[in-house]
Amino acid sequence: TAFAELAASTTTTTTVADTADKDTYTGSMKLDIKVAATVVTESIVTKAAQTVIAAQLGVEASVITVTDVTVTGAEYAIDYSADVAASAKADFETKAAGMAQNTADMATAFENALTTELTAAVMLTLNLEFTVTVTQPPQKQQASSSSTTTTTTTTTTTTTTTTTTTTTTTTTVGQSSGEAIYAGIMVVDIGAASTLVQSTLLGEAVKLVLAAELQVLPTTIEVTNVANEGAKYTIDYSVSVAASAEAGFETKADGLEAKTAQLVTSFKEKFVVAANMEVTIEITQKPTKQAATTTAAPATVTKVSGEVKFTAEGLDVAKVEAAAKAALATVLEIAESALTVTATSETSASTGRRLAAMDWTVEYEAEVEASKKAALETKVTALEASASGTVNLEAALTAAVKAEVGSDVVITGVTFAGSVTEEQTNTQTQETSASVFCGVGIGLAAVLLRLP
C-alpha cells in the first residue's frame, strides 16, 4: 500500500496547543508546474491548495491553513495544517490515509481551483486590455537549397589525370516533405506594462489564438521571436501546413487582418491557459496528527544585580571574583551558585604604598526564587544606605580575600549598589509522544489547465 499506518513515537512542538475538542494535523505537498511563471504567485497557489485539500479531506476550507509556500523555480513546496474537531477525527484520518488512492480526483480539483484563481488574478487584477495588429499575415516561405562538391582523382603509371566532378544536391530546409512553412507577424498591446505578463506566456497564448483562427493544431505553430517594448509585444511566428491543406489555410490567413476584434476576444480567453502547465504533485507528508502541547504558566523569579567597589593590594582578577562571590552570598544570604560576577581593575590614585593598590569594580547578578524578593530588597537597602551595611560587607570581603590568598589584605573604600526586580522566565513547553500515521511519498502527475 502507498501508506502504512505505523505506531511511531515522535516529539513535536506546536505553537498552537490542542484543546479538548480539537486536534491539529499537519501535512505537505510539492507542486511542480514545469515552467517557472511569475503569474503563478504564492497567493494563487495558497488559495488553490486550500480548496483542493479541504475537498480531499472532507472539511471546510476555513479549517485548512496553508502555513508556508516556498517557490524554487517552477516548484512550490506547500505546508499546511488543519484543526479537526474530536467528533470528526476518525473520518478525517480515514480520508488522509486514502489520499494515495484519490490522485485522479485531486488532479481534477487542482485543475479547476488553479484555473479559477489564475483567471481572477490575471484578468481581474491586471485588467488587461488587448489590442492586436496583424502586421504580416502568414506568408508561404520558399524552400532553400544547398549544393555539395565531390572531387574524384584517378592516377595511372604513365599519365596522371585529375578529374573533378561537381554534384548538386537540393535539400529542403525548415520543413518536411509534403509540408509548407508560412511565416507571420503580429503586435499585441496589453495596454499597460506588467512584469506578470511574460514573453513565454504571451507566446504560448499566440499559439492558442492562431490555432483557433487558422484552424490548425497549436503544435504546428512555432513562435520564433517575441520582442517587448513596454506594453507592446511584437511576435514572429511560423506555421507548418500540409500540402493538401494549403489552399484552405491561405484563405484563412488572408482574412486574419480583418479579424482583429475576434483576436482580441480570443486573447482574453486564452491568455490564462497559455502556460499549458504540466503539474506534478508530490505528497511529502499526508496530514499527521500533532502531539498535544502543554504550555506552562510563566514563572516569576527575583533578580538582584549591581556592583561592589573597593581598593586593595596584591590581588588578581580570579581571587577578587572568588572572594566577591563568597562575600555577596554571605551578606545577601543567597547561594554562591546563583551568583555571576565580573571583576575589573585600575591602578589606584593613592600613593605611598610599597605595592601598587588597585581600585576594583565587581559587577554581580543573581536569580533566586520570587519569594525572596522582599528580603533581598531589605538587604540591598541596608547595604546601600547604612554604615553597618558597609561594615558588614567590608568584613565579609576581608574574610573572603584572606581565605583566597592565605593572609590578611587591607580593603578600603568599600561601596555597594544594587537593585531588585521581578522577571518572568521563558515559557516552557512540555512535549508528549503520540501515535502518528506515517506515509511514503507518492507522485501525482496531471496536466492542468488543459488546452481546448
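Predicted model: local features only at pLDDT ≥ 70, side-chain atom pairs only at ≥ 80, totals over all residues.
Q: Which strands does E9 pair with, say E6 to start? In what sense do E6 and E9 pair?
A: Strand E6, residues 131-140, pairs with E9 in the antiparallel sense, over seven bridges.

Q: Which residue in E9 is the bridge partner of Thr-131?
A: Asp-189 is the E9 partner of Thr-131.

Q: And how many bridges join E9 to E11?
A: There are 11 bridges between E9 and strand E11 (residues 232-242), and the two run antiparallel. One of the pairs is Met-186 with Ile-235, the latter in E11.

Q: Why is E9 largely enclosed by the rest of the structure?
A: Strand E9 covers residues 179-189, and eight of its 11 residues are buried, so it is largely enclosed.

Q: Switching to helix H2. Which residues are buried there?
A: In H2, residues 89-97, the buried ones are Phe-92, Glu-93 and Ala-96. Seen down the axis of H2, they fall within an arc of 95°, so they line one face of the helix.

Q: What does the face turned away from the buried side carry?
A: That face of H2 carries Ala-90 and Thr-94, which are exposed.

Q: Back to strands. How many bridges join E4 to E5?
A: Eight bridges link E4 (residues 64-72) to E5, and these strands run antiparallel. Within that pairing, Thr-70 has Ala-77 of E5 as its bridge partner.

Q: What do E4 and E5 form?
A: They form a hairpin with two residues between them, and Gly-73 in the turn has a positive phi of about 65°.

Q: What about E3 and E5?
A: Strand E3 (residues 22-32) pairs with E5 (residues 75-85) over 11 bridges, in the antiparallel sense. Gly-27 has Tyr-80 of E5 as its bridge partner.

Notes
Residues numbered from 1 in each chain as written. Heavy atoms only, no water. Buried < 20%, exposed > 50% of the residue type's maximum accessible area, 1.4 Å probe, protein only. Helix = DSSP H or I, 4+ residues; strand = E, 2+ residues; numbered from the N terminus. Pairing = 2+ DSSP bridges. Arc of directions from axis to C-beta.
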